[in-house]
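Visitor: Could you walk me through how the helices pack here, and what the labels rest on?

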Amino acid sequence: MASLDNSFKYNPSIGMCKDEAVFKGQTYRISVLTERLVRLEYSPTGNFVDNLTALVKNRVFSMPQFNTQEDDNILVIKTRYFELIYSKERPFKGSAVAPFSNLRIKLNGTDKEWYYGQAEARRYKAVPKDLDKYPFVEWENGLYSVDGYVSLNDSENFVIEPTGYVKKRNSDSMDIYVFMYKRDYGLCLGDYFALTGHPTLIPRYALGIWWSRDKIYTFEHIKNLLSSFNKHQIPVAMFLLNEFWHIKDKEDYNLHKTGFTFNPDWFPNPRELSDYLLQRGVHLGVNIDPSEGVRKEERSYPLVAQSMGVTDQSVIPFNIYNEFFATSYVNFLIKPIIYEGVDCFWIDYKGEKEDLAALDYYHEGAFKASNKRGILMTRNPLIAAHNYGILYSGETEVSWKLLKALPEVNYSAANLGISWWSHDVGGYKNGIEESELYLRHVQFATFSPIFRFSSLRGLYYKREPWLWDNYTYMIVKDYCTLRHRLIPYLYTENYAYSVNGLPLIQPVYYFAPGNYYDDAELKSEYFFGSQLLVAPIVKTKNVIMNRSDERVFLPDGMWYDFKSGKKFPGNNIYVMFYKDEDYPVFAKAGAIIPLANIETNINNTNNPQSLEFQIFPGKDNIYTLYEDDGVSKLYKEGYYIKTELRYKFEKDNYSFSIKPFEGKTEIIPKYRTYFIKFRNTRLPGTVNVTVGGMDLDAIKYKKYVVDNDFVVELRNIDTTKEVMVNIRGTDIDIEAVHLINEDINSIISDLKIKTVLKENIFDILFSEMEIKDKRIAIRKLKTKGLSSQHIKMFMKLLEYISEI
């Protein structure tokens with residue numbers, strides 16, 4: 001019998017805790033993994049599990065510090081975080097009256113304690129299984145809890161044999177992990193990732209724009225579509241084929257959701273397809289749902305049938321727990337697809353979550369067996385989902401209601417250490433196609449983990465940006481371009497997540513807990529990496545003012561509008577007004593945002609030849625730019641480069657440096673062009689530039705002002721050398737403080753009403769009158785021709801002004 005590759009196999013020792021940290025009796029085993037994490041096992045037959053599981057990928061931790069007290073009846077374990085008290089050989093569950101009587105864990109320095117069967121009601125939700133039937137959603141609880149403790153039950157999850165095969169657990173043991181972390185959620189996540197596996201470093205191209213439609217494509221169709229994307233300057237990095245890529249019933253293409261062989265009528269040479277795409281900077285992905293088994297039409301059917309002992313050409317049922325089937329599935333069905341150039345598997349299995357987790361495990365292992373850093377996009381297995389690349393939220397409705405739900409789905413995932421969610425940009429099915437909804441979907445996707453256009457088949461689902469009116473298309477094009485420009489920033493944050501466990505999207509309540517979060521209008525906000533904050537627009541605009549009115553909370557510190565540079569003191573709630581082309585994105589004081597300058601091939605997501613660094617004033621900062629080849633595993637062998645970006649802020653004296661300090665510089669272009677953009681900065685009196693410690697003659701670089709920003713342009717700079725730019729002058733900082741009066745004046749200016757009425761309104765709104773008197777004065781303008789709709793709008797504006 002063939003076997004799985006060595007990449008699936010593991011040394012059994014990684015499943016065993018240190019002996020010195022294990023306390024074992026006839027029916028119990030308690031293992032202290034860290035000062036915050038303890039494993040609790042109870043088995044009436046003394047049958048304990050050392051194998052890895054669907055949840056657990058490692059139990060080898062450094063020896064934690066703890067003290068013990070025990071006798072024949074009681075075991076007490078004390079760490080800095082908790083005190084565990086257990087009545088030996090007793091079931092963990094106590095009586096109905098006193099459920100904590102046999103086992104309890106006290107959280108030190110608090111009045112809180114954990115015991116088996118506790119509701120843990122103050123845990124924050126983390127991830128839904130899917131959004132197919134939204135608003136009917138099944139949520140998984142997270143690790144983040146106001147109580148400062150949580151537990152994870154591993155008792156029923158499958159086990160992984162050292163040979164790499166998945167088996168259903170055949171044990172009567174209770175197997176629970178309890179995290180006791182107080183307010184140290186970051187340390188809790190660290191323990192969780194050490195236990196369950198560190199997050200995947202997804203390929204660089206996965207951060208670009210994805211395309212998927214539920215329709216039949218041929219090679220020629222794809223060529224034509226890519227030509228249209230290029231013609232309209234819309235970048236695309238991943239072409240994802242729905243079920244219509246594999247062999248189908250020619251009498252009814254809707255039959256057979258399952259398939260593993262490219263349909264020769266549509267793709268006679270799959271390798272030619274994948275090569276064609278790669279030459280244009282686009283990667284290929286395919287939809288996989290193995291639930292219907294393996295049919296005789298599959299090219300690898302004879303090999304699978306022989307392995308399974310099937311001789312009658314019948315359909316071979318899907319059974320991921322059968323070793324013969326699992327081996328055949330990986331070696332004969334999945335690997336050949338990888339060899340044909342497929343970089344992504346879209347796992348669309350709708351069965352049991354544990355089966356889905358097993359399926360994800362084997363697909364991930366198939367990629368590991370090659371040098372290719374492929375990627376999965378999978379429905380949520382709900383078990384250590386961060387190990388399996390990108391989560392797919394299902395077939396979502398085209399609606400504002402659904403869009404409003406997506407920000408919380410994205411940031412709540414951080415409560416279980418998850419970053420990568422993929423939603424259907426524009427919605428997948430039903431609803432009404434509206435340009436404003438489509439536009440706000442695109443803007444949200446630009447500042448989301450994954451940007452994927454998708455929809456059901458049909459003539460009137462408009463996902464191609466150029467199918468909309470020119471006004472909408474131009475705005476969408478700008479945001480699609482911005483998404484690809486953001487890839488250096490996103491990939492650096494991707495690396496930080498994979499190494500340090502810092503999710504790309506984090507809720508504001510991690511850093512600014514408070515009652516403000518009870519305000520429904522503020523609940524959509526989230527941090528987008530370490531430098532930015534986003535407050536998504538998830539409702540229709542006010543058609544009279546032709547703007548979306550948004551209430552935004554900004555945490556402590558100084559913040560700057562990412563587009564305009566306007567300045568906002570933090571720990572405040574603001575009312576802001578956004579035109580269609582604008583979006584609420586804010587950079588913190590001192591933020592450094594590396595951006596790619598789009599080259600000839602707009603699809604290219606590789607390390608760019610030209611970079612722009614946007615630097616926001618107000619505070620010193622160091623940002624470490626991370627780059628590798630983006631597609632292989634060579635980064636694990638040291639083939640990467642880290643570049644320190646250092647900003648030194650003093651009044652009227654700014655310094656910025658670019659210094660490679662770790663790794664191999666051959667990963668990036670030998671020479672690069674840098675655009676160093678100091679935001680909100682006037683033309684300084686003095687500019688000094690050094691490269692490799694040597695002064696650069698002023699004729700060898702450009703310096704100029706664009707709007708409110710000062711730019712230093714350096715061309716063909718040796719990337720192995722440190723670059724230092726210093727600018728000095730008098731009053732070079734442009735304050736640009738946001739004033740709501742400017743917004744209101746802009747709204748008045750754009751209204752389609754008589755100019756004399758605009759003058760009247762201006763005099764009223766910017767007068768010294770009390771708010772109530774302003775309301776009366778505005779209403780009186782009805783006699784001069786101001787419509788009821790306009791009066792209603794100004795009443796709303798006055799309400800905002802009164803709040804401020």
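**Helix packing and cores**

Guide: Helices here are DSSP runs of H or I, at least four residues, numbered from the N terminus. This is a predicted model, where local features need pLDDT of at least 70 and side-chain atom pairs count only at pLDDT 80 or more, while totals for chains, interfaces and linings use all residues. Residues are numbered from 1 along each chain as its sequence is written, and side-chain values use heavy atoms, leaving out hydrogens and water.

Visitor: Why are helix 11 and helix 12 called roughly antiparallel?

Guide: Their axes, lines fitted to C-alpha atoms over the stretch in contact, cross at roughly 165 degrees on a scale from 0 to 180 degrees between N-to-C directions. Angles over 145 degrees count as roughly antiparallel, so helix 11 and helix 12 get that label.

Visitor: What makes helix 12 and helix 13 roughly antiparallel?

Guide: Helix 13 (residues 771-780) packs on helix 12 at about 170 degrees, with the axes 9 Å apart. That angle puts the pair in the roughly antiparallel class, therefore the name.

Visitor: Which residues of helix 12 meet helix 13?

Guide: I761, I764 and L765 in helix 12 meet K774, A777 and I778 in helix 13 (contact means heavy atoms within 4.5 Å).

Visitor: Which residues have the most contacts inside the largest nonpolar core?

Guide: F179, F345, I676, F678 and L714 do, in a core of 211 residues. A nonpolar core is a set of buried (under 20% relative accessible area, 1.4 Å probe, protein chains only) Ala, Val, Leu, Ile, Met, Phe, Trp, Tyr and Cys residues joined through side-chain atoms within 4.5 Å.

Technical notes. Helix = DSSP H or I, 4+ residues; strand = E, 2+ residues; numbered from the N terminus. Parallel < 35°, antiparallel > 145°, perpendicular 65-115°, else oblique. Buried < 20%, exposed > 50% of the residue type's maximum accessible area, 1.4 Å probe, protein only.
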